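Please have the structure open while reading.

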Amino acid sequence: MQSRVQRTLHGSSYDIGWLQSAPGMAPVEDGTARFLELLEGIRNGEHRLPDSFVYLLIPGFFSNHGPLYFVRTKRFFSKMGLACHIAKIHSEASVEHNAWELKQYVEELYWGSGKRVILLGHSKGGVDAAAALSIYWCDLKDKVAGLAFVQSPYGGTPVASDILREGQIADKETRRITEFLICKLIKGDIRALEDLTYEKRKEFIMNHKLPTDIPLISFHSEASITPGVLATMSHIAHAELPWLPLPKFISQESDDFVAAGRQVPVVIPISAAMAVCALHLQLRYGEKSDGLVTCRDAQVPGSVVVKPNRKLDHGWMVYSSSEKRNPNEADCCEMCEALLTLLVELGDKMQEEMVEK
């Protein structure tokens, strides 16, 4: 019992930021200043993204239950005449499963367009994309031109580890509840969450190294934990529960209506929830985070790190509302454009260096 108490109390204290101290990991470079320059130019009408690539947006955990996920960003790029797609993957599937799906997705886009693909993965989507490059680089090296991680738990996340850690108090009960929510309620795979624990990420990263000859960007942010944000419900995401056993009071001929009625819209106060999680992680571990991913765990070795000059929670980059945006501040679409523009610049620089050698 004493060991269970200690394991519960320690939680993820010894795991957060493990990538920074792991031997053999490539250093990161700060690209924030250039990112902010590009962002300012974009807000002044300077759009530099070339149409010589296909842009693939890769959604993260629970995206299948959020119909607005990445939709504004895709529409934003499409209006500029760019080929942009949202990867149709099962976000609650395991990392290795999605890696295979993304490999096929990239190959289909490449052979269909003749253009290399640039990837932007949010949250678990970045982890899935990295796994695809790590495992299938021999097949993808001529087809992928870069990867931008947006708030991705590349090193793992204390949220997943604290939920699924074995040997802590009530670990079996917690796992049963989590399996019910993920496997039964949303028809997912418990491995999707397991793969984001520190234990699984350490194992995967040590066995599957990211390629070094591709530009990488790590974008991470810090959520605001001010009392005002904790109390607000300003950023709303719309999700749907896949099934609810509502009583059937109408005739057999109305089955379609009953089925539709079982899709119950759920309103989630994203900003308030992320602020509470970020406050918890700061109080428990002393770590800055966007509510789900700590800043240190989002820094991918060998990447160019970008930190916005604003407080942004984990859901802001995919769910921020255009109706309530401050016209004096960049929105999520413009930030994604700036990240991809920087990624293209890094790719051009890398090509020039290779030619010189």
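## The second largest pocket

Helix H15, residues 332-356, gives the largest share of the lining of the second largest pocket: five residues. The model is a predicted one. The volume of this pocket is about 580 Å³. Its lining counts 25 residues, and the closest to the pocket centre are Ala26, Thr212, Pro301, Gly302 and Ser303.

What is the class make-up of the lining of the second largest pocket? There are 16 nonpolar residues, four polar ones and five charged ones.

## The cavity

How many cavities of 30 Å³ or more does the structure hold? The count is one. The largest cavity contains about 40 Å³ of space.

Which residues line the largest cavity? They are Leu56, Ile58, Leu102, Val106, Leu119, Ala129, Ala132, Leu133, Leu140 and Val144. By class, 10 are nonpolar; no polar and no charged residues take part in the lining.

## Elements around the cavity

Three elements each supply at least two lining residues of the largest cavity: strand E2 (53-58), helix H5 (95-113) and helix H6 (124-140). Which of them gives the largest share? H6 does, with four residues.

## The two linings in brief

For the second largest pocket, H15 provides the largest share, and the lining includes five charged residues. For the largest cavity, H6 provides the largest share, and the lining has no charged residues.

Terms used
Residues are numbered from 1 along each chain as its sequence is written. This is a predicted model: local features need pLDDT of at least 70, side-chain atom pairs count only at pLDDT 80 or more; totals for chains, interfaces and linings use all residues. Side-chain values use heavy atoms; hydrogens and water are left out. On a 1 Å grid over the protein atoms alone, a cavity is a set of points where a 1.4 Å probe fits but cannot get out, and a pocket is an open set with protein on both sides within 12 Å along at least five of seven lines; lining residues have an atom within 4 Å of a point. Grid points are joined across faces, edges and corners, and a volume is the space filled by probe spheres set on the points. Ala, Val, Leu, Ile, Met, Phe, Trp, Tyr, Cys and Pro count as nonpolar, Asp, Glu, Lys and Arg as charged, and the others, Gly among them, as polar.
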